[in-house]
Amino acid sequence: MKEQPFPILEFDPDPDAVISPADWAGGARLPRRCVLTFFREIVEEKCAAQGLQPLAALRSEIVTLPIYPLEVGGVPVCLAMPFAGSAGAAGALDELAAMGCGTFLICGAAGALQSGLTAGRLILPTAAVRDEGASYHYLPPGREALPDPELVAALERALAVHGLPFLKGKTWTTDALYRETRGKIARRAAEGCLTVEMEAAGFFAAAAFRGLQAAQLLYAADDVSGEAWAERGWRSQHKVRRAMVDLCLETIAAL
């Protein structure tokens, strides 16, 4: 590990850390395939409809996030919610991997950086610009973290089969939702970012470091591309959110 002007650039590739995700796994064994979503109401809807019972959980001081096993076409899959932010995203992947998961499809929402990106439009990220902290502890310093190409291709095929329009492009991952300035928004949009969110780079970097597979599907939620922020009632996109979770469950089971 070479000394750098700034601590965040001092990447240490040593796979062994003082605290291991296995220390928190509690002996739980989960299916290899896992769908993660930030859409709590969709998880609750599926639990009620299918009588799902948690097999394990992700825990922090302030929240417990149950992990539900289910079958999709006879294939064991687990459904869970991750923690927010890039550090939470990476930590959730670490702990789930320690419980046996290895392939992840993730559903989330993101702010629109490009004008004309309508609310509810599906986005398939091809890269995440690393403007956050967690990814620098999983990958050497660099501008982007990448999703697994096999999973991106699988999602692309599934979206086409279902006739769901989508865009492919970069997303901007930032830790600071209240520091998305006009200057930064313009710069990220100019380099090809369609959206802004807080987790993709953390997911992709942790997966690359641990030898896992991860890809994410987003929908355009609020709009930060204009002079004023447009909230656009983004949490009310229930139909879109349910379709995304269903698509990811179907896609991951078919791998």
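Arg59 has Thr64, a residue of S3, as its bridge partner. The model is a predicted one.

**The hairpin**
- Strands S2 and S3 pair in the antiparallel sense.
- Four bridges make up this pairing.
- Four residues lie between S2 and S3 in the hairpin they form.

**Helix H2**
- Helix H2 covers residues 85-98, which is 14 residues.
- At 1.5 Å a residue, H2 should span 20 Å, and its end C-alpha atoms are 20 Å apart, so the two agree.
- Of the 14 residues of H2, 10 are buried, so the helix is largely enclosed by the rest of the structure.
- The buried residues include Gly85, Ser86, Gly88, Ala89 and Ala90.
- Also buried in H2 are Ala92, Leu93, Asp94, Glu95 and Leu96.
- These buried residues pack against strands S1 (33-37), S2 (56-59), S3 (64-72) and S5 (103-112).
- They also pack against helix H5 (200-210).
- Just after H2 comes Gly100, with a positive phi of about 120 degrees.

- Trp24 sits in the segment before S1.
- Exposed means over 50% relative accessible area.
- Trp24 has 59% relative accessibility, so it counts as exposed.

Conventions
Residues numbered from 1 in each chain as written. Predicted model: local features only at pLDDT ≥ 70, side-chain atom pairs only at ≥ 80, totals over all residues. Heavy atoms only, no water. Helix = DSSP H or I, 4+ residues; strand = E, 2+ residues; numbered from the N terminus. Expected span 1.5 Å × (residues − 1). Buried < 20%, exposed > 50% of the residue type's maximum accessible area, 1.4 Å probe, protein only. Contact = heavy atoms within 4.5 Å. Pairing = 2+ DSSP bridges.
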